[in-house]
Amino acid sequence: MSDSSVAATEDDDDDVDKKIDVGPQFTLKEQLEKDKDDESLRKWKEQLLGSIDISSVGETLEPEVKFLSLAIKSGDRDDIILPVPETGNPEGLWFTLKEGSRYRLVFTFQVNHNIVSGLKYTNTVWKTGIKVDSTKEMIGTFSPQAEPYTHEMPEETTPSGLFARGTYSARTKFVDDDKKSYLDISYTFDIRKDWL
């Protein structure tokens, strides 16, 4: 299945333009400098942002989110660590899942420059051109920090049986409240009788 046919069949009902005017944007450094003489606001910002080093934050309005690793955890086997594609999509079959197995997806990512607001994960799966699964989950709002964040998805179970086995195509996206995309990949995977 080509990338264009994958994108054409996906229905992004949440991507309808619902623009809300939230006022002027400020860099994180400007936000931290504003009202610095107000003790209660300063404490609230420290609580919200944690122990952020003001000298290390950027002067940019746009946050940067870099995905360091994507992993599939299952009690049946060692973790499957997936290489994060720097550009483009993974070539060929990206991974294989065992039918009827329970697993969790784990994402590790770094946030730099500014706060990323409302980071959301969406995943749509097709088999032979028919949409068979769609997942959307709000991951959260994150401030820049030196340590990477890790997010573990709820446990899922792969389908099983003769009709569940085979090759699937999927599209995974991470976007924020402003619809800015930080990772958008299309790939293929297999469900088989056993792990490879």
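Predicted model: local features only at pLDDT ≥ 70, side-chain atom pairs only at ≥ 80, totals over all residues.
1. Contact here means heavy atoms within 4.5 Å. Count the contacts between residues at least 6 apart in sequence, and 73% of them join residues at least 24 apart. Residues are numbered from 1 along each chain as its sequence is written, and side-chain values use heavy atoms, with hydrogens and water left out.

2. Overall layout. The chain has three helices and 10 strands (DSSP runs numbered from the N terminus: helices are H or I with at least four residues, strands are E with at least two). Reading from the N terminus, the order is α-α-α-β-β-β-β-β-β-β-β-β-β.

3. Surface and burial. The accessible surface of the chain is about 11600 Å², and 50% of that belongs to carbon and sulfur atoms (Shrake-Rupley with a 1.4 Å probe; for residues, only the protein chains shown count as cover). Of the 196 residues, 39% are buried. The burial classes go by relative accessible area: buried is under 20%, exposed is over 50%, and partly exposed lies in between, with a 1.4 Å probe and protein chains only.

4. The core. A nonpolar core is a set of buried Ala, Val, Leu, Ile, Met, Phe, Trp, Tyr and Cys residues joined through side-chain atoms within 4.5 Å. The largest one holds 34 residues, and the members touching the most others are Phe 67, Leu 70, Phe 107, Phe 109 and Phe 189. Two or more residues come from each of strand 1 (64–74), strand 2 (77–82), strand 3 (93–98), strand 4 (102–112), strand 5 (116–127), strand 6 (130–142), strand 9 (166–175) and strand 10 (181–192). Strand 10 gives the most, with six residues.

5. Phe 189. Who does Phe 189 contact, once neighbours within four places in sequence are set aside? The list is Leu 93, Phe 95, Leu 97, Val 125, Gly 166, Thr 167, Tyr 168 and Ala 170.

6. Aromatics. Rings of Phe, Tyr and Trp (its six-membered ring) pair if their centres lie within 6.5 Å; planes under 30 degrees apart are stacked, over 60 edge-to-face, and the rest tilted. By this rule there are 14 aromatic pairs. Take Phe 107 and Phe 174: their ring centres are 4.9 Å apart with planes at 85°, so the pair is edge-to-face. The two come from distant parts of the chain, Phe 107 in strand 4 and Phe 174 in strand 9, 67 residues apart. Phe 107 is buried at 4% relative accessible area, and Phe 174 is buried at 0%.

7. Strand 5. I'd look at this strand next: 11 of its 12 residues are buried, so strand 5 is largely enclosed by the rest of the structure. On pairing (DSSP has to find at least two bridges between two strands), strand 5 runs antiparallel to strand 6, with 10 bridges joining them. Strand 5 also pairs with strand 9 in the antiparallel sense, over seven bridges.

8. Asn 123. The C-alpha atoms of Asn 123 and Ser 186 are 9.7 Å apart, with 63 residues of separation along the chain.

9. Positive phi. The hairpin of strand 5 and strand 6 has two residues between the strands, and Thr 128 there has a positive phi near 50°. Thr 128 is exposed, at 73% relative accessible area. Lys 179 also has a positive phi in a residue other than glycine, near 65°. Lys 179 is in the loop between strand 9 and strand 10 and is partly exposed, at 41%.
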